[in-house]
Amino acid sequence: SLHDALPISANTYAGTTKIDAGATLFIDSGGSFGTGAVTNSGTLVFATPDTVNNTITDSGTVEIKTNGTLSFSQTIGFGVLNFASGYTATVDFAHGTPAMTITGFANGDKIDLQSVAATSCSLGSNNVLTLLNGTTVVGTLDFDPSQNLGPIGITSDDAGGTLVRMAQTSYVVHNAAELNAALTAISHGGDSAVDNTAYTIP
């Protein structure tokens with residue numbers, strides 16, 4: 001069990017991991033968990049892109065403090081997933097929709113639900129995003145109910161799954177370069193490209 005803040009950089013260990021309430025485990029470049037399950041009652045910080053092959057459970061917080069992609073290959077469920085300010089991250093979930101509250105989600109951040117094929121979405125009360133395939137609900141994501149979310153939508157991840165992202169929907173351009181940048185952002189694969197969304201470029 002971890003009781004205090006502990007960085008893991010270029011180090012590994014074996015077995016299971018238990019992060020106690022009030023403790024922080026900080027995973028930096030070169031560091032990794034043991035091979036067993038992770039029980040997180042505290043805070044788990046990822047400061048480097050990684051692929052996580054452990055199950056992670058309990059009511060703690062997982063914080064993303066890195067640019068790039070963090071992938072969870074197992075079914076996971078914990079209290080809070082926080083996208084830290086100042087970073088642009090993509091978080092991949094290989095199985096279903098994660099059971100947690102998502103905080104700090106901002107323009108440029110992405111959630112890739114690799115096993116969920118959604119064709120539309122609807123943001124409801126308490127910032128619950130409902131994902132649909134036709135008229136069938138295929139998953140939900142619980143965003144921070146106190147956050148004033150901007151436009152949020154989905155697009156295909158081009159591999160059978162669904163990419164969830166915030167979208168900038170209004171652009172002011174003054175020259176050809178700015179116009180090209182705006183068109184790139186809203187085109188398929190761009191940072192603000194979501195389905196069934198209107199964009200304004202005055």
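1. Basis. The model is predicted, so local features need pLDDT of at least 70 and side-chain atom pairs count only at pLDDT 80 or more, while totals for chains, interfaces and linings use all residues. Residues are numbered from 1 along each chain as its sequence is written, and side-chain values use heavy atoms, with hydrogens and water left out.

2. Asp20 sits in the loop between β2 (17-19) and β3 (24-27); strands here are DSSP runs (E, at least two residues), numbered from the N terminus. Asp20 has a relative accessible area of 12% and is therefore buried, a word that means under 20% relative accessible area, with exposed over 50% and partly exposed in between (1.4 Å probe, protein chains only). Lys18 is partly exposed, at 39%. The two residues form a salt bridge, with the closest N and O atoms 2.7 Å apart. The term requires a side-chain nitrogen of Lys or Arg within 4 Å of a carboxyl oxygen of Asp or Glu. The structure holds one salt bridge.

3. The sheet with β2. Strands β2, β4 and β7 make an open sheet of three strands in the order β2-β4-β7, with parallel pairing. Its edge strands are β2 and β7 (56-57), each of which pairs on one side only. Two strands count as paired if DSSP finds at least two bridges between them. Between β2 and β4 (residues 38-40), which run parallel, there are three bridges. Ile19 has Asn40 in β4 as its bridge partner.

4. Asp109. This residue lies in the loop between β12 (99-103) and β13 (110-113). Asp109 is buried yet has no salt bridge, and the nearest side chain of opposite charge is Lys110, 7.6 Å away. For charge, Lys and Arg count as positive and Asp and Glu as negative; His and the chain ends are not counted. The side chain of Asp109 does reach the backbone nitrogen of Ala89, at 3.0 Å. Not counting residues up to four places away in sequence, Asp109 touches several residues, among them Phe83, Tyr87, Val164 and Arg165; contact means heavy atoms within 4.5 Å.

5. Strand β13. Lys110 and Asp112 point one way from β13, Ile111 and Leu113 point the other way, and all are buried. In a regular strand the side chains alternate between the two faces of the sheet. Four bridges join β13 to β11 (residues 89-93), and these strands run parallel. Four bridges also join β13 to β18 (residues 162-166), but that pair runs antiparallel. Asp112 stands opposite Asp92 and also opposite Leu163 in β18.

6. Nonpolar core. The largest such core has 37 residues, and those with the most contacts inside it include Leu44, Phe46, Ile111 and Val164. The term covers buried Ala, Val, Leu, Ile, Met, Phe, Trp, Tyr and Cys residues joined through side-chain atoms within 4.5 Å. Leaving out residues up to four places away in sequence, Leu44 touches residues including Ile19, Leu25, Phe33 and Ile56.

7. Ala118. The loop between β13 and β14 (120-123) holds Ala118, which is buried, with a relative accessible area of 16%. Beyond its neighbours within four places in sequence, Ala118 is in contact with Leu131, Leu132, Val138, Ile154 and Thr162. Ser156 is 38 residues from Ala118 in sequence, while the two are 8.0 Å apart in space, C-alpha to C-alpha.

Notes. A polar contact is a pair of N or O atoms within 3.5 Å; within protein, one must be able to donate a hydrogen and the other to accept it, and residues adjacent in sequence count only if both atoms are side-chain atoms.
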